[in-house]
Amino acid sequence: MIELTIDGVATSVEPGTTVLDAARAAGAAIPTLCFDGRQDPFGACRVCLVGVEGAPGPVPSCTTPCRDGMVVDTRDPTARRVAGAVVELVLSELPGPPAPHTELAAVARDLGVGEPRWPGAVHQPLHDDRHPYLSFHHELCISCGRCVRACDEVQGAFALTATGRGFEANVVAGLDAGFRESTCVSCGACADTCPTDAITEISLLEVLP
Amino acid sequence: MIDSRFDTTVTTTCGYCGVGCRLEARVRDDAVVSIAPALDGPANEGHTCLKGRFAHRFSRHRERLTTPLIREGHGFRRASWEEAVALVAERLGAIRAADGPDAIAGLASSRATNEDCYAMQRLMRAAIGTNNIDNCSRVCHSPTSFSLRKAFGLSGATGSFADIDRADALIVLGANPTEAHPVAGARIKQAALRGLRLVTIDPRRIELADYGVLHLSPRPGTNAAVLHGIAHVLVRDGLIDEAFLAERTEGFGEAAAVSAGYTPEAVEEISGVPAADVEAAARIYGEAREASIAWGLGVTEHRHGSDVVRLICNIALMTGKVGRPGSALLPMRGQNNVQGSSDMGALPDTFTAYRSVGDEAVARSFEAAWGVELPRERGMKIPEMFDAAVEGRLKAMYIFGEDVAQTDPNTAHVVAALESLDFLVCQDIFETETTKYADVILPASSFLEKSGTFTNAERRIQLVAPAITPPGEARTDFDILLTVSRALGHDMGFETPEDAMREIAALTPDFAGVTYERLGRAGLQWPVAPDGTDAKILYEREFSLPGGRGRLAALPYKEPGDAADADFPLILVTGRRLQHYNAGTMTRRTANLDLFAEDFLEIHPEDAERLWIGDGELVSVRSRVGRIEIPAKVTDRIEPGHVFTAFHFPEVRTNLLVGASADVHTSCPEYKVVAVDVRPMPEVPAERPVLAQV
């Protein structure tokens, strides 16, 4: 077992446990965006940053394994500030505030991020409703990779692909011909994990809060 | 998190296949708007498929039965519950008085809850007085149940789906999990991607074959030969577990003597599987530290399906690969509660937990609980019911949640049987091919509208909770069965399904510790001890047979009931499609129909070219007993000499082609081997078979 301290409380975990899992097991709330417990940790969004004593800067808790003697501060001010800035940048590219029920909205609330301070280009609406159950709203994609990993690691259909770079980064089914023309098996794991409703169930689009 | 888009979110268990996904049904205005997988579902671990997640709109489909219907002339008229139930009680009572209780038979449904099935068998046994009760597991996994009981003692998987993650090797035999059990299929696929050594054995090159290390394509009906070949190599190469055989089994000598005759070369002759592939399969299984075997209806729906299940048990016993994490035998149960409907005693020869109706002590315990005398003779199995109806011995049937006119084999015979009955009650959520012959139709509930429990393919009893109310005047099946029983003079004394489970637990040692409270979110895998301890793995120390030893069987390969000949040169195999579920009454009433609208006959390019059949062209498929028309799909997923289609569509009526051949021990129909003649349509004058003229 590995002994470490999280937010001042001593705890012990199995070797291989990530700081995120250890912290959550110890009752600490760390916001995440690209993390889904059904998938391998990805470490892309930098929202789960925490402070570790002796580290040069905040570390992503989802991909950092616990080490003996580690002293973790999940409320490290630098880590929280950077995570908030990351979320604010993500929001600044969206055409509007995230729908209140989404994970992105919950994370923004959690980090105290409101209206982004940075104006600039926002994604224009681009929808694909050719599938009877699943709908793409590409302008809401934040390239967290969760849908692609759900498709690969949970279902194994390998139907979704990350495309584009920078501001153009997005996700497509197959060769961008829609779900139906891809290897999609309509399991819906992508919509289930999507934190922004970029992929969502058509039946939910009809339900207003 | 409270989501203001929904009025409520109800955790329940999926009503589709036997995987038993735990689901979160999100409800608004008494309709399900969305279903998500429960993150803590033990069988699905936060995943589900397009049936469980999306195919729920059938529950509010305008064709739902919303009031009782009574036959009037060539149609039906709406009736009140009072009138319909009174008519059912009067007619069944009159037939019982005139022809005896055995002139009446009932079918329980493997889509219904344990409590529904328990009430149904109690209705037949206690209110009517007959053991003529059966359920649709007759036509799918009855050979599995029969043979697992003979080899190991209990009728259920020896382990759990989680064993797939712990196994070093897995044989998938006669199953297509990525389509028929998608969440288990995804689990197998992910395990294979991580290094599980996967062997697939199926006449079709199923999707999982692309992820395995070895695929065998035996001729339909020759599974037994392949398993003998594997056993032969295991013994010959010393891959058996001598200590396990000596301490925990009996019958090895006789079994090995039979397998000795099946050299890989002899097996190649019988099955068409190259001898080297038989050797490789045996080595992959035998050399793995932990190896599991999963099988489906490609094993059971044969003339000698029960033998094949025994031979599966044989190789597990020979290698000691049973009763340990990662070494499990996993029958892929087809319907959500096909395990439970049989556990509940909805069978002609057993009470709950497979205890014989002839067992005096058991029968007396039920007599004492129900306050009636019970017959000790076994009742009729489903095919026997239809034979008896045609012969005039069976006068009435009560069919609950089953569309026998579409899903049972030898459709013309089934229809003749239904037409021969004096009185037919159907209890269903939609009109079906079967309800066309009914005298009374009682509107019932879908799984989204009822409470109770389902038991999945891992023996896991899981709670079902109502998310919405039944439409119109439709009632829950449990309520209907209680009402009919009361009208027949037998008050079951239950208020809720939970009351029924209390009685089941009190009367069934294997369910002794089952309470709804203990089932909670994760369910329990039977047998459940009085203190609530359940059994993830069976037979860790001993088998549940007298003496505690597992029994190997000495059963030679026997030929299937049908074979290709000059007149019927191709072998038809039937199965499922990902998007649909059995009779399709539910999935065809959802947008799954948009994803898969019309079925087709898969045929190999060589056969298609020889027969002048082009991709997408309509073909005539004729067997010894029937004929259908269906578009062809030319694909090399199937071997030359074989064709494949599903049975989801009443427009196709695939089961018109399937004859009366069945498993010799359990009467499970031989859906998987039907000799057919396939021709392009223009050569045959277009005439559709005439059926269902009422």
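**Figure 1. B:Lys51 in helix α1 of chain B.** B:Lys51 lies in helix α1 of chain B, helices (H or I, at least four residues) and strands (E, at least two) being DSSP runs numbered from the N terminus. The model is predicted: local features need pLDDT of at least 70, side-chain atom pairs count only at pLDDT 80 or more, and totals for chains, interfaces and linings use all residues. Residues are numbered from 1 along each chain as its sequence is written, chains are lettered from A and ligands numbered from 1 in the order in which they are written, and side-chain values use heavy atoms, with hydrogens and water left out. B:Lys51 is buried, with a relative accessible area of 1%; buried means under 20% relative accessible area, exposed over 50% and partly exposed in between (1.4 Å probe, protein chains only). The side chain of B:Lys51 reaches the backbone oxygen of B:Leu578 at 2.9 Å. Although B:Lys51 and B:Asn592 are 541 residues apart in sequence, their C-alpha atoms are 7.9 Å apart. Beyond neighbours within four places in sequence, the residues in contact with B:Lys51 include B:Tyr16, B:Glu179, B:Arg577, B:Tyr581 and B:Asn592, contact meaning heavy atoms within 4.5 Å.

**Figure 2. Surroundings of B:His56.** B:His56 is found in the loop between α1 (50-54) and β4 (69-72) of chain B. With 2% relative accessibility, B:His56 counts as buried. Not counting residues up to four places away in sequence, B:His56 touches B:Val32, B:Val33, B:Ser34, B:Ile35, B:Leu448 and B:Thr590.

**Figure 3. The interface of chain A and chain B.** In this view, 28 residues of chain A are in contact with 34 residues of chain B. The two chains bury about 2500 Å² between them, 54% of it on carbon and sulfur atoms; buried area is the accessible area (1.4 Å probe) that two parts lose on being put together, summed over both. There are 3 salt bridges between chain A and chain B, a salt bridge being a side-chain nitrogen of Lys or Arg within 4 Å of a carboxyl oxygen of Asp or Glu. B:Asp594 forms a salt bridge with A:Arg180, the closest N and O atoms being 3.2 Å apart. On the side of chain A that touches chain B, α4 (146-155), α5 (189-193) and α6 (202-205) each supply at least two residues. The largest share of this side, 4 residues, comes from α4(A).

**Figure 4. Salt bridges within chain A.** A:Arg146 and A:Asp36 meet through their side chains in a salt bridge (4.0 Å, N to O). This pair links distant parts of the chain, 110 residues apart, with A:Arg146 in helix α4 and A:Asp36 in the loop between α1 (19-25) and β3 (49-52) of chain A. Both A:Arg146 and A:Asp36 are buried. A network of salt bridges links A:Asp36, A:Arg38, A:Glu103, A:Arg146, A:Asp192 and B:Arg53. A further salt bridge joins A:Glu88 and A:Arg117, with the closest N and O atoms 2.7 Å apart. A:Glu88 is buried at 6% relative accessibility, whereas A:Arg117 is exposed at 61%.

**Figure 5. The salt bridge of B:Asp116 and B:Lys450.** The closest N and O atoms of B:Asp116 and B:Lys450 are 2.7 Å apart in this salt bridge. B:Asp116 is in helix α3 (residues 114-128) of chain B and B:Lys450 in the loop between β16 (440-443) and β17 (452-455), 334 residues apart. B:Asp116 counts as buried at 1% relative accessibility, and B:Lys450 counts as buried at 4%.

How values were computed:
Polar contact = N/O pair within 3.5 Å; in protein donor to acceptor, adjacent residues only side chain to side chain.
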